[in-house]
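Here's a quick briefing for anyone meeting this structure for the first time. Take a look at the sequence and the model, then read on.

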Amino acid sequence: QVQLVESGGGLVQAGGSLRLSCAASGSIFAINRMAWYRQAPGKQRELVARIGGGSTNYADSVKGRFTISADNAKNTVYLQMNSLKPEDTAVYYCNTFMKSRSNTPWYDYWGQGTQVTVSS
C-alpha cells in the first residue's frame, strides 16, 4: 500500500510564501515522476509543476514564482511558492507516477490534498 502525505498548506496574504511537502511511503519500487496539481472551486484540476527524469516543468501561471524540488532518498517532493496571489487559492494535490513492486504496472497515486488560501 502506498500513502502520500502532504503538509504545509494554510492561509497567507498576497505576496507571501508557503512551502508544501509530500512524502510517499509504503511499498515503493520505483518513482518515475512527482508533481503538484491544484483545484480551485468550480474549476478543473490543473497541473502546477512536475519533476522527473532530470527535468521540471511548470504551468505558465506559476513560472518564476513556484519551484518544485525532490529528495529522492526520502521519496519527498516540495513546492516552494513565492509571491502568492489570490488566484493561487486552491486545494493542492501531490501526485506520483510509480511502481509499488517490480511486477506491478506504473500507476498514478494521489495525496488527500492540502488547502492553500491567499488573501488579498
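D71 sits opposite T76 in β8. Strand β7 (residues 66-71) and strand β8 (residues 76-81) run antiparallel and pair over 6 bridges; pairing takes at least two DSSP bridges between two strands. This is a predicted model, where local features need pLDDT of at least 70 and side-chain atom pairs need 80 or more, while totals for chains, interfaces and linings use all residues. Residues are numbered from 1 along each chain as its sequence is written, and side-chain values use heavy atoms, leaving out hydrogens and water.

**The hairpin**
- The hairpin of β7 and β8 has 4 residues between its strands, and N75 there takes a positive phi near 50°.

**The disulfide**
- There's 1 disulfide in the structure, meaning a pair of cysteine sulfur atoms within 2.5 Å.
- It joins C22 to C94, with an S to S distance of 2.1 Å.
- C22 lies in strand β3 (residues 18-26) and C94 in strand β9 (residues 90-99), so this pair links distant parts of the chain, 72 residues apart.
- The torsion about the S-S bond of C22 and C94 is about -80°, so the disulfide is left-handed.
- C22 is buried at 0% relative accessible area, and C94 is buried at 0% too; buried means under 20%, exposed over 50%, partly exposed in between, with a 1.4 Å probe and protein chains only.

**The whole protein**
- You'll find 0 helices and 11 strands; these are DSSP runs numbered from the N terminus, with helices (H or I) of at least four residues and strands (E) of at least two.
- Of the 120 residues, 39% count as buried.
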